[in-house]
Amino acid sequence: MGGTNRFMDEALIEAQQAAERNEVPIGAVVVLDGTIVGRGGNRTREMHDVTAHAEILAIRMACEALGQERLSGADLYVTLEPCTMCAAAISFARIRRLYYGANDIKGGAVESGVRFFNQSTCHHQPDVYSGIGETAAADILVEFFKGKRGDTI
């Protein structure tokens, strides 16, 4: 799918599946010891739940699979820079590393906006790597919203 590694490729698949459900196309996977233990794509409309972001769903699945509320040692791959809610969940889950694709100037909270992990009240800061599969992640979003506006190529 154009990602720079297989885990971001899996997150991009989740994003594409979200688009097919008419959800904003964002996907995420949680990886522990080289194995995907959680995955998700946005389902806010489907579930009528504003918290059903890709990251939250992937974290929930991983916690359930592992039988624990903390994901120390796990990495999260997500196609778009997480919002404040998702950044907080990443911190509370003790995610080791965050890899994300495209920046979100309007809604992001990692390198944009509030920069959640840089706040003194943030208890855990993951290592952050941005721009992983950035073009593919941005393209999925651009195409989705182009279709919503009725733009033609």
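These are my notes from a look through this predicted model.

**Entry 1: Glu23**

I started with Glu23, which I found in the loop between helix H1 (6-20) and strand S1 (27-32). Glu23 is buried yet has no salt bridge. I looked up the nearest side chain of opposite charge: it belongs to Arg45, 5.0 Å away. A salt bridge would need a distance within 4 Å. What I did find is the backbone nitrogen of Thr44, 3.2 Å from a polar atom of the Glu23 side chain. Leaving aside neighbours within four places in sequence, I listed the contacts of Glu23, among them Asn42, Arg43, Thr44, Arg45 and Phe144.

**Entry 2: cysteines**

How many disulfides does the structure hold? I count 0. For Cys63 the closest cysteine sulfur is in Cys86, and at 13 Å that is too far for a bond. Cys86 has its closest cysteine sulfur in Cys83, 3.8 Å away, which is also too far for a bond, because a disulfide needs the sulfurs within 2.5 Å. Cys63 is buried at 14% relative accessibility, and Cys86 is buried at 0%.

**Entry 3: aromatic rings**

Next I turned to the aromatic pairs, of which there are 5. Tyr77 and Tyr99 are stacked, 4.4 Å centre to centre with 10 degrees between the planes. Tyr77 sits in strand S3 and Tyr99 in strand S4, so their pair ties together parts 22 residues apart in sequence.

Phe144 is buried at 11%, whereas Phe145 is partly exposed at 35%.

Technical notes. Residues numbered from 1 in each chain as written. Predicted model: local features only at pLDDT ≥ 70, side-chain atom pairs only at ≥ 80, totals over all residues. Heavy atoms only, no water. Helix = DSSP H or I, 4+ residues; strand = E, 2+ residues; numbered from the N terminus. Buried < 20%, exposed > 50% of the residue type's maximum accessible area, 1.4 Å probe, protein only. Lys, Arg positive; Asp, Glu negative; His and termini not counted. Polar contact = N/O pair within 3.5 Å; in protein donor to acceptor, adjacent residues only side chain to side chain. Contact = heavy atoms within 4.5 Å. Phe/Tyr/Trp six-rings, centres within 6.5 Å; stacked < 30°, edge-to-face > 60°.
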